[in-house]
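Trainee: Could we go through this model together, one question at a time?
Mentor: Gladly, let's have a look.

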Number of protein chains: 4
Amino acid sequence: MEDRIQRQPASPAVRKRVQDSFDLQSLMSHLGARLAHIGPGLVHIVPPARPEVTQQHGCIHAGATSAITDSAGGYAALTLFDEESEVLTVEYKINLLAPAAGHHLEAIGTVLKPGRTLTVRRLEVHGVQADGARKLVANGQQTLIRVSRPAA
Amino acid sequence: MEDRIQRQPASPAVRKRVQDSFDLQSLMSHLGARLAHIGPGLVHIVPPARPEVTQQHGCIHAGATSAITDSAGGYAALTLFDEESEVLTVEYKINLLAPAAGHHLEAIGTVLKPGRTLTVRRLEVHGVQADGARKLVANGQQTLIRVSRPAA
Amino acid sequence: MEDRIQRQPASPAVRKRVQDSFDLQSLMSHLGARLAHIGPGLVHIVPPARPEVTQQHGCIHAGATSAITDSAGGYAALTLFDEESEVLTVEYKINLLAPAAGHHLEAIGTVLKPGRTLTVRRLEVHGVQADGARKLVANGQQTLIRVSRPAA
Amino acid sequence: MEDRIQRQPASPAVRKRVQDSFDLQSLMSHLGARLAHIGPGLVHIVPPARPEVTQQHGCIHAGATSAITDSAGGYAALTLFDEESEVLTVEYKINLLAPAAGHHLEAIGTVLKPGRTLTVRRLEVHGVQADGARKLVANGQQTLIRVSRPAA
């Protein structure tokens, strides 16, 4: 599977499709998250470590980490499907490994098994310091289902 | 375990401790969530279904659902510990069963196994309509670890 | 959902279908497991606590517990479908809460959400003593997919 | 973390400790599983695809896959601890990606986060054909807790 994942950007049409959907997710903008990379099977979402998304210790809230990770996984899957498809999260599991500190977080989804109906992804979230140093702060696994997009 | 869970409110001291911690979680206020019930082993957190927490279909974003559910589980565990303790989420798994629609969501945590170090909780999220009709929209399981509160 | 689950037995045709499939699972007989109850949406599988399924402390091995629990969930789902259907496990998550000791184990699956494609179940495993005393030793959540049975 | 995992064997003392514990797990020998590699943070357990561990389609039963995977994760963690320690599985989640077919299975555990109390591991199971071709058949994530070994 790994070879389907490329660091190069997706086609302009795919990027537009992902960006348009992201822009409709008002939670993401509300959290200050932005799409940093849209490649085939690989999407980075970057939330800032700003006060609105912190928990009681000043780190990024586990829930915000999860929300962003979940979205990254879903959009990464979406890049692999045609434009008639949408993906919904069936379930996910996440281990919170370290306080989600740093200049920003980077959430990465990797396809373990693509499928006509179900897609399974590995999710990794790294805390990234201003100097670029990275630390794995959460790791998860996610099952997504592809559904047909409702006619406009 | 179930008999440790009571619908009656926790003591004023416990309720204050949970509310104080909640008030420090700026993500929660940012999402418009509030604590609706604090009982021994049982905490309800109610987020409104407002635009800032929705996904592209107008339902509450899975990530917001997760964030609130995770917090409900943690605070429910916290009610069972003394004031020197804090709880951190080790991991959780959640199945998203139906679109999280409704007037508001209600997240409920139930202790499956309390422990000196680890606590395991079942998490349920219900969509509640204005007329009180309820539907299970997500179900999960969460492992928490108790740690000593850092000295002030 | 809960009202679809009944303590009364399933129809003879459903029970035969589940028993026939179970008999083909040589792992189950190899572990000494037997079907103790087949009701609509509810199947009990009882493994004996015998030496071949124990771990290094003499308790039932977590893997055997999981194998039996997974099967109980799958068969419980199968009782709800027509005879052209089979169910496969997509994923599951299990928390091992206490050593799986006792005279036998009882694995119970409960439907949280039945669906045309996916079914989500809660899984509970109890250790049962010779005098009938019960203790929750594991708790899980499982996603199953329905597929058409290959033509014979 | 990854650099703690080495393909070279563990010390003779560590290998003996892991092998001795494995030999006490009668489920493992009952399933025909054997330890194929014991390295620091990395253990391979190889079950044969023999009739006793199959499900109704002749593939290796998901439960046997899980049991072996769970053990591989636990022993891999054990290699990193001193001889006074034991590890117990707190919980795990596994996605079954493909039928577990092949000449044998290979279960691999990788440390994501080692810790004094909790260790989190990624679990991968590959089906290996007689000619060495490999396919990822299951992927999981596991949380383990270290406990002191009871005095003999």
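Trainee: How much area do chain A and chain C bury between them?
Mentor: First, a word on the model: it is predicted, so local features need pLDDT of at least 70 and side-chain atom pairs count only at pLDDT 80 or more, while totals for chains, interfaces and linings use all residues. Residues are numbered from 1 along each chain as its sequence is written, chains are lettered from A and ligands numbered from 1 in the order in which they are written, and side-chain values use heavy atoms, with hydrogens and water left out. Buried area is the accessible area (1.4 Å probe) that two parts lose on being put together, summed over both. Carbon and sulfur atoms carry 83% of it here, and the total is about 470 Å².

Trainee: In what order do the elements of chain A run?
Mentor: Helices (H or I, at least four residues) and strands (E, at least two) are DSSP runs, numbered from the N terminus. Chain A has 3 helices and 6 strands. Starting at the N terminus, they run α-α-β-β-α-β-β-β-β.

Trainee: Which strands stand at the edges of the 12-stranded open sheet?
Mentor: Strands pair if DSSP finds at least two bridges between them. In this sheet the pairing is antiparallel, and the order passes from β3(A) to β3(B). Each edge strand has a single partner, so one side of each is left without a neighbour in the sheet: these are β1 (34-39) of chain A and β1 (34-39) of chain B.

Trainee: What is the bridge partner of R34(B) in β2(B)?
Mentor: β1(B) and β2 (residues 42-46) of chain B pair in the antiparallel sense over 5 bridges. In β2(B), R34(B) has as its bridge partner V46(B).

Trainee: What share of the 152 residues in chain A is buried?
Mentor: Buried means under 20% relative accessible area, exposed over 50%, and partly exposed in between (1.4 Å probe, protein chains only). By that cut-off, the buried share of chain A is 60%.
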